Amino acid sequence: MTTTANTVSAGTPTVTRFEIRPSTGRPDPRGDAVARVAASAGMKVSKVQSCRVYLIEGNLTPEQIGRVRDGLLRDPVLETATVGVANAAAGAQVVEVHPLAGVMDPAAHSVRAAVGVLIGEG
């Protein structure tokens, strides 16, 4: 588990970024699927690593950040978590895909509700 600069605040409330990825040596089915699609489109890709990104809005304490990271977002056996932005390998290209604003995102609604319960505000 890595912790880097963990919050971005452009006023209030604060946004905390969590990155969840497969632990070193664990399979990465999402990354493998993206690599296959890229290869079938004629792109030369040497390696693809996936990562789920959660942007949690609210003024969380360090204890609450740890509880959300370890008690909700990651599987401690299979995954590693970074609070903030993980450093990319030298020469790596990073692509992030986010839902469009206003598009229904049931997973985001579930995470929002679970965070509220976990930190005692739900």
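Is the crossing of α2 and α3 left-handed or right-handed? It's right-handed, and the views below, drawn from a predicted model, show what surrounds that crossing.

**View 1. The whole protein chain, for orientation.** Three helices and five strands make up the secondary structure here. Start at the N terminus and you'll walk through the elements in the order β-β-β-α-β-α-β-α. Along the principal axes, the C-alpha atoms fill a box of roughly 50 × 30 × 25 Å. The protein chain has 122 residues, and 26% of them count as buried. Take the contacts with a separation of 6 or more: 78% of these come from residues 24 or more positions apart.

**View 2. Helix α2 crossing helix α3.** Here we zoom in on α2 (residues 62-73) and α3 (residues 106-118), whose axes come within 10 Å and cross at roughly 120°. That angle makes α2 oblique to α3. On the α2 side, the contact is made by R67, V68, G71, L72 and L73, while α3 brings V111, A114, V115 and L118. Sort those residues by class and you get seven nonpolar, one polar and one charged.

**View 3. A closer look at R69.** This arginine lies in helix α2. R69 counts as buried because its relative accessibility is 12%, below the 20% cut-off. Look next to R69 for D70: a polar contact of 2.9 Å joins their side chains.

Definitions and conventions
Residues numbered from 1 in each chain as written. Predicted model: local features only at pLDDT ≥ 70, side-chain atom pairs only at ≥ 80, totals over all residues. Heavy atoms only, no water. Axes fitted to C-alpha atoms, helices over the stretch in contact; angles between N-to-C directions. Helix = DSSP H or I, 4+ residues; strand = E, 2+ residues; numbered from the N terminus. Parallel < 35°, antiparallel > 145°, perpendicular 65-115°, else oblique. Left-handed = near helix turned anticlockwise from the far one by under 90°. Contact = heavy atoms within 4.5 Å. Nonpolar A, V, L, I, M, F, W, Y, C, P; charged D, E, K, R; others polar. Buried < 20%, exposed > 50% of the residue type's maximum accessible area, 1.4 Å probe, protein only. Polar contact = N/O pair within 3.5 Å; in protein donor to acceptor, adjacent residues only side chain to side chain.
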